[in-house]
Amino acid sequence: MVINATSTFALYCQRCSKIQMHDISHFSINKKVRELKCSCNHIQAKISRLGSRQLLLSIPCVVCQSTHHIYFELKKLLHTKLDKVYCCKDNFELGYLGDRKAINETLADQKRECENLIRETDSTYFEEYLGKHHIILDVLNKVHDIAELGGVYCRCGSEKVEADIVADCIVLECLQCGGYYVMSAQTEQDVVHAQSLTSIELEPQRYFAKKD
């Protein structure tokens with residue numbers, strides 16, 4: 001009797017934006033943390049076993065600048081055909097998990113939908129639409145890099161800053177005084193501008209309205 005005890009984790013790389021497939025055998029996972037790397041060598045997530053019945057998937061997220069810890073029951077995971085992994089704060093898609101065939105079929109369906117949309121939609125508009133996900137990730141990655149070096153701070157003196165996606169912008173908000181900084185994330189020029197920054201200073205403002 002052959003027992004299929006392998007699940008596939010297909011994760012979007014938050015550095016190069018490509019999707020990377022990881023076939024994980026449940027028998028090969030132990031309490032030792034295993035790194036899931038993209039082909040560009042970026043560590044996308046870490047996975048480990050919790051006891052005999054659970055797996056823990058930890059994904060650093062540049063969208064909300066935190067690490068998502070997702071727990072899976074092994075028995076349920078074996079019977080999962082397809083499920084999404086996403087940032088619970090901003091509903092930002094991080095990837096898929098389940099059966100590799102089902103994931104490939106879903107990705108193929110998405111590709112066909114994109115091709116149909118290209119034929120039915122102005123190509124310039126569609127290219128901008130496809131690039132939005134990539135641009136947002138690139139800008140967020142740069143903000144994250146600056147923050148790790150202590151370069152994101154508020155004029156009030158606080159370094160406690162939260163990032164949020166609002167329309168086509170990244171909004172950095174001071175958790176102490178409410179000061180904010182808005183970074184556009186719409187075009188490649190915005191990415192170039194973000195990459196040119198070495199520090200980001202938030203300015204105290206009286207009001208800032210966020211869209212729900």
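Okay, one term before we start: two strands count as paired if DSSP finds at least two bridges between them. And keep in mind that what you're looking at is a predicted model.

We've got 4 strands making an open sheet, and the order across it is 2-1-8-7, with antiparallel pairing. The edges are strand 2, residues 19-25, and strand 7, residues 82-87, and each of those pairs on one side only. If you ignore direction, neighbouring strands here are turned by 25 degrees against each other on average. Now look at strand 1, residues 6-12, with strand 8, residues 92-98: that antiparallel pairing runs over 4 bridges. To pick out one spot, Leu11 has Gly95 in strand 8 as its bridge partner.

How many aromatic pairs does the count give? It gives 1 aromatic pair. That's Phe9 with Phe72, edge-to-face, 5.9 Å centre to centre and with 70 degrees between the planes. Phe9 sits in strand 1 and Phe72 in strand 6, residues 66-73, so this pair ties together parts that are 63 residues apart in sequence. Are these two buried or exposed? Phe9 is buried at 1% relative accessible area, and Phe72 also counts as buried, at 12%.

Next, the nonpolar packing. The largest nonpolar core has 43 residues, and the ones with the most contacts inside it are Val139, Leu172, Met183 and Ile200. Helix 3, residues 123-148, puts in the largest share of that core, with 7 residues. Zoom in on Val139: skipping its neighbours within four places in sequence, its contacts are Ile170, Met183, Ser184, Ala185, Asp190, Val191 and Ala194. Apart from that core there's another one, of 5 residues, including Met21, Tyr96, Ile103 and Leu107.

The disulfide count is 0. Cys177 is in no disulfide either, and its nearest cysteine sulfur, the one in Cys154, is 3.5 Å away.

Okay, that's my tour. Over to you.

Methods: Residues numbered from 1 in each chain as written. Predicted model: local features only at pLDDT ≥ 70, side-chain atom pairs only at ≥ 80, totals over all residues. Heavy atoms only, no water. Helix = DSSP H or I, 4+ residues; strand = E, 2+ residues; numbered from the N terminus. Axes fitted to C-alpha atoms, helices over the stretch in contact; angles between N-to-C directions. Core = buried A, V, L, I, M, F, W, Y, C linked by side-chain atoms within 4.5 Å. Buried < 20%, exposed > 50% of the residue type's maximum accessible area, 1.4 Å probe, protein only. Contact = heavy atoms within 4.5 Å. Disulfide = S-S within 2.5 Å. Phe/Tyr/Trp six-rings, centres within 6.5 Å; stacked < 30°, edge-to-face > 60°.
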